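Subject: Structure handover

Hello,

Here is the structure for you to look through. My notes on it follow below.

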Amino acid sequence: MEIEEKRQDEQLNTKFNFQNLKEKLQLNLHNYLIVIFQIVSIILYSIFTKYGVEAIGDTGSDTSSNTINTYYPMFQDVHVMIFIGFGFLMTFLRKYSFSSVGFNFLIAAIVIQYSILINGFFHNLFKNHWEMLTLDITSLITGDFAAGAVLITFGAVLGKISVEQLLILIPLELIFYSINESLGVEVFKAVDMGGSMYVHTFGAYFGLAVSYMIVNKDKLERADFRTSKTSDLFAMIGTIFLWLYWPSFNGVLASGNSQHRVVINTVLALSNSCISAFFMSRLLRPHNKFSMEDIQNATLAGGVAVGSSADLVIGPYASLIIGAIAGTLSVVGYVYIQPYLKKKLKLHDTCGVHNLHGMPGILGGISGFISASVVSDSLYGNSITDIFPGRDSRSAVEQGGFQLLALIVTLSLSIGGGALTGKVLNKFRSEKDREYVDDDEDWEENV
């Protein structure tokens, strides 16, 4: 009798365990997508990539030119910006901090992998020269740049997009990002060392277009976008990390004298955007008090705006002017422009990426256009083609024209690509009625 009861208990436990396993295997769409991404990534990397000569030891005994020594310290700075800076900057929403920093982590990891493949493909296409994609420290850096663009887009749709939609957005944005960046670098030969155009402007306006297309107005009205002292304090951690490491972001791929100029110009621009942000926030906000929203974001605008011209001989005074204008413009954006766009165009921008990345990015593109157009042929000596690759057959004015063309194309591709991507994402709305800005939709709270 006891043996029979024991056998029945074992059968019951087996049936119960099988039921649990069955339930676990009934995965959501985003879990299937993650598995598919991993499998496809492994296959593509096995077919289309190879180690660089330093990684396989083909440099012989000469280690003096080892690029890991040159690039890795600044690469790690950029890495900190992507994973800590951007991640914590977006934790200001009191009910969405898990999702902000958690999805930031996931998005950046996926983008670094796939941007190397997709960006490499389009560079080969526009060069009309097909070769294996070389994996080295610089390819990892360009992966971080692409992650920056996608995370800026994430800021515009923060709290309003499902995980499934995010995972579909990533490859679609990377295609448009890579087309734009390849056009700018390979065809226009437009200089954008710190990514004012290719990273910040593109990511901001792509995200704004996606947000406009996917937002459910009813959910938006009842969503809780409030902050708290604790969440705002965590967001300031992201701000400080970004502010400290921004010179590395702008200058990681620069070399020699150019890298010195990048660091000097970026620090000066950042310092003045910080000062301007504090001044303008107290001037324009009610009761003449500082707004944490302004301080978290507008203090960084100088780093965005000086990016395109950071490696150029623009003069310390020009860096200070760019920083002051960027900080002022960003605060004006938060106080006046963002509410206007929300009211008149129904355009909701959760993190205010238009104010931190969009408008300062355009300012950066215009600064690059001016700098390239008026540069003296003798200013950089015989190395002017190291700064402006297109100057081997162009005049300064012609180079400036291509800089401006790169900015116009960036705006066109980002807005058009974002609108198209938003339309696609609307086909993948979650079946259940998900609320906006709610960690409970995706995270277990262990308390």
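Which residues does F388 touch, leaving out those up to four places away in sequence? They are V191, L312, A372, V375, Y380, Q399 and Q403. Touching, or contact, means heavy atoms within 4.5 Å.

Two points on the source. This is a predicted model, where local features need pLDDT of at least 70 and side-chain atom pairs count only at pLDDT 80 or more, while totals for chains, interfaces and linings use all residues. Residues are numbered from 1 along each chain as its sequence is written, and side-chain values use heavy atoms, with hydrogens and water left out.

**Overall fold**

The chain has 17 helices and 2 strands. These are DSSP runs numbered from the N terminus: helices are H or I with at least four residues, strands are E with at least two. Of the 447 residues, 51% are buried. Buried means under 20% relative accessible area, exposed means over 50%, and partly exposed is in between (1.4 Å probe, protein chains only). Take the contacts between residues at least 6 apart in sequence: 82% of them join residues at least 24 apart.

**Cores**

F388 also matters for the core list. The largest nonpolar core has 96 residues, and F154 and F388 touch the most other members. Helix α6 (residues 137-157) gives the largest share of this core, 12 residues. A second, separate core has 8 residues, among them L183, F188, Y198 and V409. A nonpolar core here is a set of buried Ala, Val, Leu, Ile, Met, Phe, Trp, Tyr and Cys residues joined through side-chain atoms within 4.5 Å. In soluble globular proteins, nonpolar side chains tend to be buried together.

**Largest pocket**

The largest pocket holds about 1100 Å³ of space. Its lining has 37 residues, and H123, T142, E181, V185 and L253 are the closest to its centre. Elements giving two or more residues to this lining are α5 (97-127), β2 (133-135), α6, α7 (163-187), α8 (196-214) and α16 (384-387). The largest share, 7 residues, comes from α5. By class, the lining has 15 nonpolar, 13 polar and 9 charged residues. Ala, Val, Leu, Ile, Met, Phe, Trp, Tyr, Cys and Pro count as nonpolar; Asp, Glu, Lys and Arg count as charged; the others, Gly among them, count as polar.

The search runs on a 1 Å grid over the protein atoms alone. A pocket is an open set of points with protein on both sides within 12 Å along at least five of seven lines. A cavity is a set of points where a 1.4 Å probe fits but cannot get out. Lining residues have an atom within 4 Å of a point. Points are joined across faces, edges and corners, and a volume is the space filled by probe spheres set on them.

**Largest cavity**

The whole structure has 1 cavity of 30 Å³ or more. The largest cavity has a volume of about 80 Å³. It is lined by 13 residues, and the closest to its centre are L89, M90, C351, V353 and H357. Helices α4 (67-89), α6 and α15 (353-374) each supply at least two lining residues. The lining divides into 9 nonpolar, 4 polar and no charged residues.

**Residues to look at**

- S196 is in helix α8. S196 is buried, at 0% relative accessible area. A polar atom of its side chain lies 2.9 Å from the backbone nitrogen of S308 and 3.3 Å from that of G307. A polar contact is a pair of N or O atoms within 3.5 Å; within protein, one must be able to donate a hydrogen and the other to accept it, and residues adjacent in sequence count only if both atoms are side-chain atoms.
- N297 is in helix α12 (residues 292-297). N297 is buried, at 6%. Its side chain reaches the backbone oxygen of E293 at 2.8 Å. Leaving out residues up to four places away in sequence, N297 touches L89, Y334, C351 and L356.
- H287 lies in the loop between α11 (256-284) and α12. H287 is exposed, at 70% relative accessible area. Its phi is near 65 degrees, a positive value in a residue other than glycine.
- V437 sits in the segment after α17 (396-425). V437 is buried, at 2% relative accessibility. Its phi is also positive, near 55 degrees.

Best wishes
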